[in-house]
Amino acid sequence: MPYSADHSQPAPASAEEVVLGVDTHKDFHVAVVLSVLGTVLGSRSFRTTAVGYRALLAWAQTFGLVRRAGVEGTGSYGKALTRQLLAAGVAVVEVNQPDRAERRRRGKSDEIDAEAAARAVLSGRAAATAKTGDGRVEMLRLFKLAKESAVKARTQAINQIKAMIITAEAELRDELAGLTTTKLLRHCAGLPDQPVTDGTTAARYTLRLLARRVQQLTAEITDLGRQLDATVTALAPELLQQQGIGPDHAAQLLITAGDNPDRLHTEAAFAALCGASPVQASSGNTNRHRLNRGGDRQANSALYRIVLTRLRHCPATRAYTARRTADGKSKRDIIRRLKRYIARDVHKIITKALRPAEPTPATP
């Protein structure tokens, strides 16, 4: 691929439009600029720093007007660059990696991937608007990320405590046998601090350490839960009023929609993003739909747990299930339909809650 030299001045306002494609990495991004006719105008690598992001955009603008950019990994390595481009008024399109057939035909390099990203935008094959990731939904994502890791670490520590008790000395095992998890943690956290001289004292020392770790993680989980609840309540209180939707489920559905849910033009698009849309599985004389196995699986899991809660406690949902069962529908198909209905209601609430405020007219 030809290497382009730097231009000292940006393109004039009357310049033709160009399309930017970026292949993102941890330490550097590779950018390629195409003309609207698909000609490669230049390629270059930039560091993943604030200076590097500004240099990338300034370099791309020397070839023409940059209104669209295709970026790989807008939710990971390309997240910071996406924010920079959106702030500059560039529409960022989320681009998936090239398919295997294309890679086998053309080979693999960063420049080829960046060019493929730009061509996907130019042809219209890639049209998914990237998440902005700069509002309160991004706060929810960070809180939920920290909470989930703390829950996993706490579960691991509790399992380690119980595994140690099984192999401990008989005296220590008898001391801790029969205790509930709460009492076990409290007892282990209060074990005396004594010199470690043998296996038994080492076990007591380790149990005390793990129990106090669990207590610390529990405090973190409680605090993060309060942060999630407060943020969701401020952002979309109506979502928490729906039966079966708690702060964790609401946060996940908001994270899936993003800070700019207007990028999801219809409720069907949101359902597909959650993996709750029906997919045709017809062939020959068989005419049916199947479960969608794509989309955000965490959002799909949240919808599934909401459905299970409503199946237990919501009379309308139970009546619908009985009616569909009488029609010959399987439980799996009924749950799929319920997830689709919930996704429709959730999309309406989220779109209303995150709709940009109307500008206040100036006072004459």
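A crossing of two helices is called left-handed if the near helix is turned anticlockwise from the far one by less than a right angle, and right-handed if it is turned clockwise. With that in hand, the helix pairs of this predicted model can be taken in turn.

H5 passes H10 in a left-handed crossing. The axes of H5 and H10, the latter spanning residues 247-257, come within 9 Å and cross at roughly 125°. Angles over 145 degrees count as roughly antiparallel and those from 65 to 115 as roughly perpendicular, and H5 and H10 are therefore oblique to each other. On the H5 side, the residues that meet H10 are Val137, Leu140, Arg141, Lys144 and Lys147, and their partners in H10 are Asp248, Ala251, Gln252, Leu254 and Ile255. Sorted by class, this contact of H5 with H10 comprises 5 nonpolar, 1 polar and 4 charged residues.

Two further pairs cross with the opposite hand. Helix H1 (residues 50-61) packs against helix H2 (residues 79-87) at an angle of about 50°, and their axes lie 10 Å apart. H1 and H2 are therefore oblique to each other, and the crossing of H1 past H2 is right-handed. Here Tyr53, Arg54, Leu56 and Leu57 of H1 meet Ala80, Leu81, Gln84 and Leu85 of H2. The classes represented in the contact of H1 with H2 are 6 nonpolar, 1 polar and 1 charged.

The other right-handed crossing described here is that of H13 and H14. For helix H13 (residues 315-326) and helix H14 (residues 331-353), the axes come within 10 Å and cross at roughly 140°. That angle makes H13 oblique to H14. H13 contributes Thr317, Tyr320, Thr321, Arg324 and Thr325 to the contact, while H14 contributes Ile334, Arg337, Leu338 and Tyr341. By class, 4 nonpolar, 3 polar and 2 charged residues make up the contact of H13 with H14.

Helix H7 (residues 181-189) shows how burial is laid out around a helix. Its buried residues are Leu184, Leu185, Cys188 and Ala189. Viewed down the axis of H7, these buried residues fall within an arc of 125°, so they line one face of the helix.

Is Leu172 buried or exposed? Leu172 has a relative accessible area of 2%, and because buried means under 20%, this residue counts as buried. Beyond its neighbours within four places in sequence, Leu172 is in contact with Ala203, Arg204 and Leu207. Leu172 and Arg288, 116 residues apart along the chain, have C-alpha atoms separated by 60 Å.

Helix H8 can be followed through two of its residues, Arg213 and Asp229. Arg213 is partly exposed, with a relative accessible area of 41%. Leaving aside residues within four places in sequence, Arg213 contacts Ala157 and Gln160. From Arg213 to Arg318, 105 residues apart in sequence, the C-alpha to C-alpha distance is 43 Å. Asp229 is also partly exposed, at a relative accessible area of 33%. Not counting residues up to four places away in sequence, Asp229 touches Leu240 and Pro247.

Finally, Leu122 sits in helix H4 (residues 110-123). With a relative accessible area of 24%, Leu122 is partly exposed. Which residues does Leu122 touch, not counting those up to four places away in sequence? Leu122 touches Val19, Ser35, Val36, Gly38 and Arg68. Leu122 and Val18 are 104 residues apart in sequence, and their C-alpha atoms are 9.3 Å apart in space.

Conventions:
Residues numbered from 1 in each chain as written. Predicted model: local features only at pLDDT ≥ 70, side-chain atom pairs only at ≥ 80, totals over all residues. Heavy atoms only, no water. Axes fitted to C-alpha atoms, helices over the stretch in contact; angles between N-to-C directions. Helix = DSSP H or I, 4+ residues; strand = E, 2+ residues; numbered from the N terminus. Parallel < 35°, antiparallel > 145°, perpendicular 65-115°, else oblique. Contact = heavy atoms within 4.5 Å. Nonpolar A, V, L, I, M, F, W, Y, C, P; charged D, E, K, R; others polar. Buried < 20%, exposed > 50% of the residue type's maximum accessible area, 1.4 Å probe, protein only. Arc of directions from axis to C-beta.
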